[in-house]
Amino acid sequence: GYNFMALHSFKGGVHPQEGKELSKDKPIKELQPSGELVYPLSQHIGAPAKAVVAVGDAVKRGQMLAEAGGFVSASIYSSVSGTVKEILPRRVATGDMVMSIVIENDNEYSEVDFEELSLDQVNGLTGEQILGKIKNAGIVGMGGAGFPTHVKLSPKNPEKIEYIIANCAECEPYLTSDYRAILENTDKLVEGIKLILKLFPNAKGVFGVENNKLDCIEKIRSLITDDNRLSVCELLTKYPQGGERQLIHAVTGRDINSKMLPADTGCIVDNVATISAVYDAVYLGRPVMDRIFTVSGDDVVEPRNFSIHIGTSFKEILNAAEGLKKPAAKMISGGPMMGFAMFDIDVPTTKTTSALLVFTEDEASKYETTACINCGRCVEACPENLIPSRLSKYSENGVKDIFEEWYGLECIECGSCSFVCPARRPLAQDIKTMKKQILTDKRNQKK
């Protein structure tokens with residue numbers, strides 16, 4: 001492959017301003033929510049969970065509120081103790097209305113009894129028992145994708161998996177929750193990947209870390225010196241280095257497309273938060289109730305990293321970061337490249353929400369879109385080797401078949417093309433819209 005001073009990377013990509021200095025040195029602080037908590041029943045890819053509590057029920061922290069509604073689904077647990085107030089559709093960060101369970105927090109945080117295991121007990125578990133614990137804990141891809149983890153860790157041929165890659169890249173600007181988790185809970189991350197390796201007899205564990213996090217690289221290396229199944233892969237700092245395909249290419253030199261799963265190239269990629277959740281589930285018997293969350297942006301008084309109780313509203317987290325300096329021009333759930341703008345922050349956090357960013361200026365809407373000048377910058381930036389300017393034209397004109405012929409479905413929606421376009425054309429947005437329409441058509445044809 002390429003030898004960029006021996007750092008592992010991929011073709012294309014961009015270098016947005018990092019913005020991480022605002023929150024990277026703020027240790028994780030637990031945020032205890034005060035008001036009611038809201039648990040949407042769809043916090044994952046797949047079938048919504050089914051409520052197993054009724055209005056008026058008393059619940060404890062760690063108690064199941066809704067069980068998986070199928071194999072590709074995930075159970076949801078209460079992150080506080082209190083009473084089930086209502087079960088009804090509530091608005092979520094994307095703007096959709098989703099059936100949700102509302103809990104009135106009693107502020108006591110009394111917990112169910114969790115089953116903690118010693119190292120010896122864990123070593124005595126079979127692969128099936130480990131998978132069972134992961135499934136029961138309701139773990140999903142907490143980097144934002146939300147794919148149920150027990151499904152991802154059950155490929156057809158486990159013996160063909162050669163790499164378990166821990167995605168420690170955190171390539172989105174402003175986000176520092178993974179960075180803090182790696183630094184503060186390194187042992188959880190390392191022990192978590194060892195648990196996953198128990199399911200794959202021929203796999204090695206690789207921590208893919210961008211080289212702007214040298215402290216993380218050192219910390220992980222210090223904990224894995226005696227384990228020949230584990231290594232750190234230093235990655236070139238570049239967006240979207242944490243994209244699944246880009247990460248696999250950087251670490252192994254292998255390539256996948258939209259018709260394949262990472263498992264087809266012998267790889268499984270899991271995010272830092274997901275791997276730590278695996279540790280909690282197996283060793284501590286604790287389901288997914290909390291997550292680490294960054295509040296940042298130039299409009300936030302005290303940018304911070306919190307450990308939040310899932311179901312806490314974005315608004316409450318912003319208040320805990322001392323609120324805003326001046327009225328917000330833009331609020332984003334997630335990172336600025338792949339996150340989405342929000343019109344209201346009185347919505348609940350879920351397993352997959354990683355950040356709230358608030359800015360004093362809306363950079364993206366300041367500019368007027370002008371005609372494409374065929375400069376080719378979007379082609380250079382595209383990590384998937386596509387021609388975004390052309391795909392966006394096909395999208396504008398609604399020609400689905402030609403869009404597909406030009407590999408439009410291979411777009412990973414990273415936004416690098418829109419980011420570099422001098423004409424400020426919404427390339428990624430156009431392509432994403434067309435992809436959605438085509439995939440919906442395909443689903444409807446199956447029916």
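This is a predicted model: local features need pLDDT of at least 70, side-chain atom pairs count only at pLDDT 80 or more; totals for chains, interfaces and linings use all residues.
How many Å should the 12 residues of α5 span, and how far apart are its end C-alpha atoms?

**View 1. Helix α5, checked end to end.** Counting 1.5 Å a residue, the 12 residues of α5 should span 16 Å. The end C-alpha atoms of α5 are 17 Å apart, which agrees. While you're looking at α5, pick out its buried residues: T186, L189, V190, G192, I193, L195, I196 and L197.

**View 2. Helix α6 and its buried residues.** Helix α6 takes in residues 214-223, and its buried residues are C216, I217 and I220. Those residues cover an arc of only 100 degrees around the axis, which puts them on the same side of α6.

**View 3. An open sheet of three strands.** Follow the order β3-β5-β6 and you'll find that the pairing is antiparallel. β3 (50-51) and β6 (76-77) stand at the edges with a single partner strand each, so one side of each has no neighbour in the sheet. Strand β5 covers residues 64-67, and two bridges join it to β6 in the antiparallel sense. To find your way across that pair, look for A66, which sits opposite I76 in β6.

**View 4. An open sheet of six strands.** Here the order runs β1-β14-β13-β17-β15-β16, and the pairing is mixed. The edges belong to β1 (29-31) and β16 (340-341); each has a single partner strand, so one side of each is left without a neighbour in the sheet. Zoom in on strand β13 (residues 290-296) and strand β17 (residues 355-359), which pair in the parallel sense over three bridges. In that pair, V295 faces L356 in β17.

**View 5. Helix α4 lying across two strands.** The strands in question are β13 and β14 (304-309), and α4 runs at about 125 degrees to β13.

**View 6. T149 and the residues it touches.** T149 belongs to helix α3, which covers residues 149-152. Is T149 buried or exposed? Its relative accessibility is 2%, and buried means under 20%, so T149 counts as buried. Leaving aside residues up to four places away in sequence, T149 touches I134, I139, V140, G141, D270 and T274.

Terms used
Residues are numbered from 1 along each chain as its sequence is written. Side-chain values use heavy atoms; hydrogens and water are left out. Buried means under 20% relative accessible area, exposed over 50%, partly exposed in between (1.4 Å probe, protein chains only). Helices (H or I, at least four residues) and strands (E, at least two) are DSSP runs, numbered from the N terminus. The arc is that of the directions from the helix axis to the C-beta atoms. Two strands pair if DSSP finds at least two bridges between them. Contact means heavy atoms within 4.5 Å. Axes are lines fitted to C-alpha atoms, for helices over the stretch in contact, and angles run from 0 to 180 degrees between N-to-C directions. The expected span of a helix is 1.5 Å times one less than its number of residues.
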